[in-house]
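Please keep the sequence and the structure in view while reading.

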Amino acid sequence: MTRFKKVILFCHRWLGFISGLVVFIVSVTGCLFCFQDEIQDAFCSYRKVEVQHKPFLDPSVLKAAALKGRKGATATYMYYYGVDRPAGILVNQPKDGMLYVYLNPYTGKVTHIENPTKNFFIVVEFIHLYLLLPPKIGSLVVGISVIIFMVIMITGLILWWPKRKSDRKRSFNIKWNGRWRRVNYDLHNVLGFYATSIALILSITGLSMVFQSVREGIYATANLGRSYPSEKEVLKSDSLLKNKFSGKPIVDQVFAMAQARAPKTEMYSIMEDASAAGTIGINAYAQTLHYYKSDEFIFEKYTGKLLKQIPHDKKSPGMKMNDMNYDLHVGQIGGLTTKIIAFLVSLICASLPITGFIIWLGKRKKTKSKKVKEVVHRRVHKQHLA
């Protein structure tokens, strides 16, 4: 082995020791989360409602129903998930914490109240993102471990790459009829090779959720350095106009405007910034539970004036890439096929620290055995000379 490859092997091995446990946990939780929507739809009846051929109730009506009897509670985030799904409102309670309230969007009836911290898949998500540590600390630990894992994948590819063309065919296949150590070695190397490209995409999209600098880097790279000032413009409401307008609640007015401007939308999200200069933001998503294709609207919260509209087709490549980030990360960008691929790659990534440790353990035992044999050989040789 050349000096260069010895250095690469040293880095690969010890970086694996440092990040292995975190990579295993993050990968396993990633596997579990891949099909969370499908699993919850199958077992949670409250995630579906009977389709009624009439408009959804206004946001203010649903919000009032969700807050009823909850003194001091507020709600700034709201979702209309689709014609056959409930609306969802995130309720913040001063003493009792956060609740997610599901309502029938046609009748306003509360169909389910959920404590997010007790939902299995949300707990899985928190482990995946923060290892159940405080978010700032946990996201940093996960982020650094993912960066190390990316280095490990690249160094592993360098170590694995066959020198001779005659070895390549053998290197791309697992020798299932070999001894278990050989099978383990192939599982680590061959599966690692096949998973590398997708694993790097999953890693980068994950880092984008942790580090703003990565998100900005993706934005700048996709835009080839071109600037789009209007996309980063921060808009504010004029608080001097507060209480100057009466009649139908502004949030209801702007929701109707968003519906009229994006009639083919399946899912809407509404965010009401509670600060004095805050705005009302509405995202109109083309497909339910998919976050890539969306039209964005920002409204003045005291007058309902449309401050900005960014249709999906008018977004810069960088903005589209960042919008695509979640769907890429969970594998739903291309439907069931890409979800299965993301699941399998996450499973392989979870296996790599284990198979790698077994390889290291085997070599360590082999080295010890070799040293013992050398010592015995020297003693026998000395006795023979005597």
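The points below are grouped by topic.

This is a predicted model, in which local features need pLDDT of at least 70 and side-chain atom pairs count only at pLDDT 80 or more, while totals for chains, interfaces and linings use all residues. Residues are numbered from 1 along each chain as its sequence is written, and side-chain values use heavy atoms, with hydrogens and water left out. The structure holds 10 salt bridges, 19 aromatic pairs and zero disulfides.

**Terms used throughout**

- A residue is called buried under 20% relative accessible area, exposed over 50%, and partly exposed in between (1.4 Å probe, protein chains only).
- Helices (H or I, at least four residues) and strands (E, at least two) are DSSP runs, numbered from the N terminus.

**Cysteines**

- A disulfide is a covalent bond between the sulfur atoms of two cysteines.
- The criterion applied here is a pair of cysteine sulfur atoms within 2.5 Å, and the count by this rule is zero.
- C34 takes part in no disulfide, since the nearest cysteine sulfur, that of C31, lies 6.3 Å away.
- C349 is likewise in no disulfide, and the nearest cysteine sulfur, again that of C31, is 8.4 Å away.
- C34 is buried, with a relative accessible area of 5%, and C349 is also buried, at 5% relative accessibility.

**Aromatic rings**

- Rings of Phe, Tyr and Trp (its six-membered ring) pair if their centres lie within 6.5 Å; planes under 30 degrees apart count as stacked, over 60 as edge-to-face and the rest as tilted.
- Y79 and Y81 form a stacked pair, with 5.4 Å from centre to centre and 10° between the planes.
- Of these two residues, Y79 is partly exposed at 22% relative accessibility, whereas Y81 is buried with a relative accessible area of 13%.
- Y80 and F255 are stacked because their ring centres are 4.6 Å apart and their planes stand at 10°.
- This pair links distant parts of the chain, with Y80 in strand β1 (residues 74–80) and F255 in helix α10 (residues 250–261), 175 residues apart.
- Both partners are buried: Y80 has a relative accessibility of 1%, and F255 one of 2%.
- One aromatic cluster is formed by F10, W14, F17, F357 and W360.

**A nonpolar surface patch**

- Patches are made of residues with over 30% relative accessible area and no salt bridge, where like charges are joined within 9 Å and nonpolar side chains (Val, Leu, Ile, Met, Phe, Trp, Tyr) within 5 Å.
- Accessible areas come from the Shrake-Rupley method with a 1.4 Å probe, and for residues only the protein chains shown count as cover.
- F10, W14, F17 and F357 make a nonpolar surface patch of about 420 Å².
- Helix α1 (residues 3–34) contributes the largest share of the nonpolar patch, three residues.
- F10 lies in helix α1 and is exposed, with a relative accessible area of 53%.

**Salt bridges**

- A salt bridge is a side-chain nitrogen of Lys or Arg within 4 Å of a carboxyl oxygen of Asp or Glu.
- R47 forms a salt bridge with D37, and the closest N and O atoms are 3.1 Å apart.
- R47 lies in the loop between α2 (36–43) and α3 (59–67), while D37 is in helix α2, 10 residues apart; R47 and D37 are both buried.
- A network of salt bridges links D37, D41, R47 and R85.
- K339 and E38 meet in a salt bridge of 2.9 Å, N to O.
- Because K339 is in helix α12 (residues 336–385) and E38 in helix α2, the pair ties together parts that are 301 residues apart in sequence.
- K339 is buried, with a relative accessible area of 5%, whereas E38 is partly exposed at 37%.
- D186 and R182 meet in a salt bridge of 3.1 Å, N to O, and both lie in helix α7 (residues 180–210), four residues apart, about one turn of the helix.
- D186 is buried, with a relative accessible area of 4%, but R182 is partly exposed at 30% relative accessibility.

**A strand hairpin**

- Two strands pair if DSSP finds at least two bridges between them.
- Strand β7 (residues 294–300) and strand β8 (residues 306–310) run antiparallel and are joined by four bridges.
- F297 stands opposite Q309 in β8.
- β7 and β8 form a hairpin with five residues between them, and G304 in the turn has a positive phi of about 85°.
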